[in-house]
Amino acid sequence: MSTPHNAANKGDIAKIVLMPGDPLRAKFVAETYLEDIVEFNHVRGMLGYTGYYQGHRISVMGSGMGMPSIGIYSYELFNEYDVEAIIRIGSTGAMVPEVHVYDIILAKFAYSMSSYGKTQSGDEADEKYPDPELNEKILAAAEKLGYPVVYAPINSSDVFYGDDWTEKKIALERGCVAAEMESFALFHNAARLGKKAACLLTVSDSIVTHEATTAEERQTSFTKMMEIALEAAKNY
């Protein structure tokens with residue numbers, strides 16, 4: 001049964017989904033790493049694919065930008081398609097000088113001033129947490145592959161172009177090392193629905209050093225993050 005945002009039928013989507021923000025990154029992951037891929041969604045250009053990675057069935061689908069967008073797609077995957085776990089594979093901006101472009105971050109928790117949780121279910125908590133078991137699998141996968149990972153809190157914001165730095169100031173006080181725009185809502189939906197979620201990020205730019213990657217690099221060059229997520233997903 002399809003939804004207003006997803007053309008897939010039940011059974012078309014694997015129990016675990018890798019979810020980049022950019023649908024073209026989803027396409028790249030599917031075409032680069034998966035075998036026997038089937039496109040299950042292209043509604044609104046939000047591409048989704050299911051295939052096999054080293055014999056293990058895995059899906060990958062874009063989420064779009066921001067909490068409302070990933071809130072819709074992740075809720076439907078969990079609630080309508082019986083997905084058990086989502087690993088976000090996204091880009092992030094470094095907030096501290098110790099974190100550099102192309103570093104890989106695994107979110108310990110997401111801090112936000114967003115009203116997503118309050119609006120969705122009356123939950124006013126400003127920190128949302130990933131599934132610890134899923135995080136352990138990701139850390140184990142990174143160690144197996146020999147890829148270093150920064151395990152730290154992140155800031156999820158509703159605003160990309162902001163004039164008020166209050167949220168960033170609080171985020172730094174909470175130990176956040178980078179900022180993105182989706183994980184808070186993903187973690188909230190997973191907890192609300194009794195599912196599992198995690199967030200693995202590659203640093204695409206820095207507000208400290210002003211280093212930055214191109215749009216094409218963000219689509220196709222974050223391969224270490226992708227490989228960690230795939231290794232963790234196959235062992236799910």
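Biologist: How many disulfides does a search of the whole structure find?

Modeller: The search finds 0 disulfides, and keep in mind that this is a predicted model.

Biologist: What makes you rule out a bond for Cys176?

Modeller: Distance. A disulfide needs two cysteine sulfur atoms within 2.5 Å. The closest cysteine sulfur to that of Cys176 sits in Cys199, 12 Å away, so the gap is too far for a bond.

Biologist: What makes the pairing of Asn155 with Lys168 a polar contact?

Modeller: The limit for a pair of N or O atoms is 3.5 Å. The side chains of Asn155 and Lys168 come to 3.3 Å, so the pair passes.

Biologist: Which class does Tyr116 fall into, and why?

Modeller: Its relative accessible area is 16%; the buried class runs under 20%, so Tyr116 is buried. Tyr116 lies in helix 3, residues 116-121. Not counting residues up to four places away in sequence, Tyr116 touches Met67, Gly71, Ala185, His188 and Asn189. His188 is 72 residues from Tyr116 along the chain, and their C-alpha atoms are separated by 8.4 Å.

Biologist: What about Arg44, buried or exposed, and how do you know?

Modeller: Exposed starts over 50%, and Arg44 has a relative accessible area of 70%, so it is exposed. Arg44 lies in the loop between strand 2 (35-41) and strand 3 (48-53).

Biologist: What is phi of Arg44 near?

Modeller: Phi of Arg44 is near 60 degrees, a positive value in a residue other than glycine. Gln54 also has a positive phi, near 50 degrees, and is found in the loop between strand 3 and strand 4 (56-61).

Biologist: Which residues of helix 1 are buried?

Modeller: In helix 1, residues 23-33, the buried ones are Pro23, Arg25, Ala26, Phe28, Val29, Ala30 and Tyr33. At the start of helix 1, a side-chain oxygen of Asp22 reaches to within 2.8 Å of the backbone nitrogen of Leu24.

Biologist: What volume does the largest pocket have, and which residues are closest to its centre?

Modeller: The volume is about 1000 Å³. There are 35 lining residues, and the closest to the centre are Val159, Phe160, Ala179, Glu180 and Met181. Elements giving two or more residues to the lining include helix 5 (166-173), strand 10 (196-206) and helix 7 (215-220). Strand 5 supplies the largest share, 5 residues.

Biologist: How many nonpolar, polar and charged residues are in that lining?

Modeller: The lining of the largest pocket has 11 nonpolar, 12 polar and 12 charged residues.

How values were computed
Residues numbered from 1 in each chain as written. Predicted model: local features only at pLDDT ≥ 70, side-chain atom pairs only at ≥ 80, totals over all residues. Heavy atoms only, no water. Buried < 20%, exposed > 50% of the residue type's maximum accessible area, 1.4 Å probe, protein only. Helix = DSSP H or I, 4+ residues; strand = E, 2+ residues; numbered from the N terminus. Polar contact = N/O pair within 3.5 Å; in protein donor to acceptor, adjacent residues only side chain to side chain. 1 Å grid on protein atoms, 1.4 Å probe; cavity = no way out; pocket = protein on both sides within 12 Å on 5 of 7 lines; lining within 4 Å. Points joined across faces, edges and corners; volume = space filled by probe spheres on them. Nonpolar A, V, L, I, M, F, W, Y, C, P; charged D, E, K, R; others polar. Contact = heavy atoms within 4.5 Å.
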